[in-house]
Amino acid sequence: MVLGIESSCDETGAGIVRDGRLLAHVVASSMDEHALFGGVVPEIAARAHLQAFNPVVRGALEQAGLRLGQIDAVAVTTGPGLSGALQVGLAGAKTLAYAAGVPLYGVHHLAGHVAADTLEHGPLPTPCVVLIVSGGHTSLLLVRDLVREPILHLGDTLDDAAGECFDKVARIMGLSYPGGPAVDRAARDGDPRAVDFPRPLTRPGDDPYAFSFSGLKTAAARWVEKHRAQGLDLPVADGAAALQEAVADVLTRKALAACTAYDVKTLIVVGGVAANSRVRGLAEQRCAAAGVELRVPPMTLCTDNGAMIAAVGDLLVRSGAEPAPLDVSIDPSAPLEYASLTPLPVPPVRAAW
């Protein structure tokens, strides 16, 4: 029985997983507070985690019909993420593990997104290609055994992530925060062919698996500026639809190319942007045409949550992995190499007298 804690950004999540089965899943979000500023404010996020931690954990235990004493292990995100936010989650998780007398496991946030799919579709196929798309990350991975083998990065974003591109362009267009859902809603009434936005890094000779959305963001900004400079009404729906189409085209094109190159028959799409309707729809079309199985978690498991961290913890426990020491620290910029992330505390700096 593994309790998972997630606090890397603006969601405080607690989930409970046993033998790959989801028993509880509770999330509190501070998104409304950040929306006033058009983006996540780290100090506000950390304070929100302090306020939400106990209610969220209690809610997860109640949902599963358990007491803390019935938990066998605690898993917690130790990176990457906002430093203050991670510290709150780790401090709480250490307290719970110590109070219950159970082992603590440090988990890489992105490995959690990968493991989220197992809660809906069962064990990951070996191997599989995983496309992680969120506000801060866009990565294409080759995954074999998630908790026993290193994770191979085929490509990562060179600048803006896909979700970051949505957020920034949505703000320029006058849409609400967060930008991803706002763009998706606006695009329903638009024509994706109305604006010819670029498809970055898709020309011959470009890195076939790397991503770059900074140029696309700039192209969208210039399109908005041109309309406003000429005093024209901004066709927001068309712009949103065209932007969404460009992002979905690049993501799915590169993901399917990786499946073909590595002879992989399963593509898994995870992360907050996996909730985007066009990303899902185009991935379904292209996977069906290529004979590749597509797996996408339910919407509630795409965004940050404690259930995905519990899922990794459950896999680590069942694999016999060593738990983290209770003085484990956070790593806000941790690269994804293994699912388990247990950076050791940094030794104190001694002044030279």
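Guide: One definition comes first: axes are lines fitted to C-alpha atoms, for helices over the stretch in contact, and angles run from 0 to 180 degrees between N-to-C directions. Please note also that this is a predicted model.

Visitor: At about what angle does helix 4 run to strand 5?

Guide: Helix 4 comprises residues 109-116 and lies across strand 1, strand 4 and strand 5. Relative to strand 5, the angle at which helix 4 runs is about 85 degrees.

Visitor: What is the strand order of the open sheet of five strands?

Guide: Strand 3 (21-29) and strand 5 (104-108) each have a single partner strand, so one side of each is left without a neighbour in the sheet and they stand at its edges. Neighbouring strands of the sheet are turned by 20 degrees against each other on average, direction ignored. The pairing is mixed, and the order is 3-2-1-4-5.

Visitor: Which residue of strand 4 is the bridge partner of valine 2?

Guide: Strand 1 (residues 2-6) pairs with strand 4 (residues 73-79) in the parallel sense, over four bridges. In strand 4, the bridge partner of valine 2 is alanine 73.

Visitor: Which element gives the most residues to the largest nonpolar core?

Guide: This core has 49 residues, and Leu131, Leu140, Phe197, Phe213, Leu251 and Leu267 have the most contacts inside it. Elements that give two or more residues to the core include strand 6 (128-133), strand 7 (138-143), helix 8 (214-229) and helix 9 (236-261). With 13 residues, the element that gives the most is helix 9.

Visitor: How many residues has the other core, which lies apart from the largest one?

Guide: Among the members of this other core are Val17, Ala115, Leu119 and Leu141. The number of residues in it is 33.

Visitor: What is the radius of gyration of the protein, and how does the globule rule bear on it?

Guide: The protein has twelve helices and ten strands. For 353 residues the globule rule gives 20 Å, and the computed value is close to this, so the protein is as compact as a globular protein of that length. The radius of gyration is 21 Å.

Visitor: What percentage of the residues in the protein is buried?

Guide: A residue counts as buried when its relative accessible area is under 20%. The protein exposes about 15300 Å², of which carbon and sulfur atoms supply 52%. Of the 353 residues, the buried ones make up 52%.

Technical notes. Residues numbered from 1 in each chain as written. Predicted model: local features only at pLDDT ≥ 70, side-chain atom pairs only at ≥ 80, totals over all residues. Heavy atoms only, no water. Pairing = 2+ DSSP bridges. Contact = heavy atoms within 4.5 Å. Core = buried A, V, L, I, M, F, W, Y, C linked by side-chain atoms within 4.5 Å. Buried < 20%, exposed > 50% of the residue type's maximum accessible area, 1.4 Å probe, protein only. Rg over C-alpha atoms; globule rule 2.2 N^0.38 Å. Areas by Shrake-Rupley, 256 points an atom, 1.4 Å probe, with all protein chains shown as cover.
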